[in-house]
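Student: Hey, I've just opened this one and I'm new to it. Can you walk me through the rings and the nonpolar packing?
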Amino acid sequence: MKKSFQLVLLTLTLTLFAYTAKAELDFAFADTPRQDSIYQVSTIQALQEGKEMIADFATLAQNGNFGFGTVDGLGGVMIALDGNFFLVKSRNHVAKITPETTTPFAMLTRFSIDFEEELQYIKDLEDLKQRLLKKLPNPALFYALRMDGSFQYIKATSVPLHKKALDENNVFELNETFGTILGFFVPEFMATVSQPGFHFYYLDGNETHGGRILDLCTRELVVDIDRTPHFFVKLPISYLDE
């Protein structure tokens, strides 16, 4: 009962914020996302509390073709690109994920371009974040971002976002690499549900290297941006039963 009350309160709080901020953000606990929506499996709090897996990748494929997450046991970084799901376990270990594989956390959308931005001479990851933040029309909304091309330098890891300790053995560097950076922006007021700010992931064109981006630099970027004002979250069954 306590958990149910907290979830209702959270929904009301987010709805009120979205209204007052004129963000037009729809928030729902549901299984059928609409167009221009984020579909999230679980919440950051549930993951930190060790709630069990609640979705397989066959289900995820029905709700998005672009995103990130992990697999059961937090055994690597999951990257979803163009409807394909990949697991990055180390620098040279990238494999496709089977439909029956399960996940305790994922964030997905059906990517479609709303607008495009061009950036020159990105010196590091923080520089990219700050410059992109200025390009977002409304920081109270979710955004998905895609960058295809050549990148001068990328530092990445196969350690999932939600692991507290970064395993340096799974940190690697790529130079003059060609591929796709995918990213999401989560508004600050969503901190109780998802980690706010920018999240960036990389998969090279050969689908052999990738991971969660820790740093980068590149000469130029064309950034395709998808405005996603609708948010859906699938909660763990045990979370709802408490």
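Tutor: Phe66, Phe68, Phe105, Phe111, Phe184 and Tyr201 are linked into a cluster by ring pairs. Rings of Phe, Tyr and Trp (its six-membered ring) pair if their centres lie within 6.5 Å; planes under 30 degrees apart count as stacked, over 60 as edge-to-face and the rest as tilted. This is a predicted model, where local features need pLDDT of at least 70 and side-chain atom pairs count only at pLDDT 80 or more, while totals for chains, interfaces and linings use all residues. Residues are numbered from 1 along each chain as its sequence is written, and side-chain values use heavy atoms, with hydrogens and water left out.

Student: How many aromatic pairs does the structure hold?
Tutor: There are 11. In one of them, Phe66 and Phe111 sit tilted, 4.7 Å centre to centre with 35° between the planes.

Student: Are those two buried or exposed?
Tutor: Phe66 is buried, at 1% relative accessible area. Phe111 counts as buried too, at 18%. Buried means under 20% relative accessible area, exposed over 50%, partly exposed in between (1.4 Å probe, protein chains only).

Student: OK, new topic. Which residues touch the most other members of the largest nonpolar core?
Tutor: Leu128, Ile181 and Phe200, out of 53 residues. Such a core is a set of buried Ala, Val, Leu, Ile, Met, Phe, Trp, Tyr and Cys residues joined through side-chain atoms within 4.5 Å.

Student: And is there a second core, and what does it include?
Tutor: A separate core of 15 residues includes Val41, Ile54, Leu60 and Ala80.
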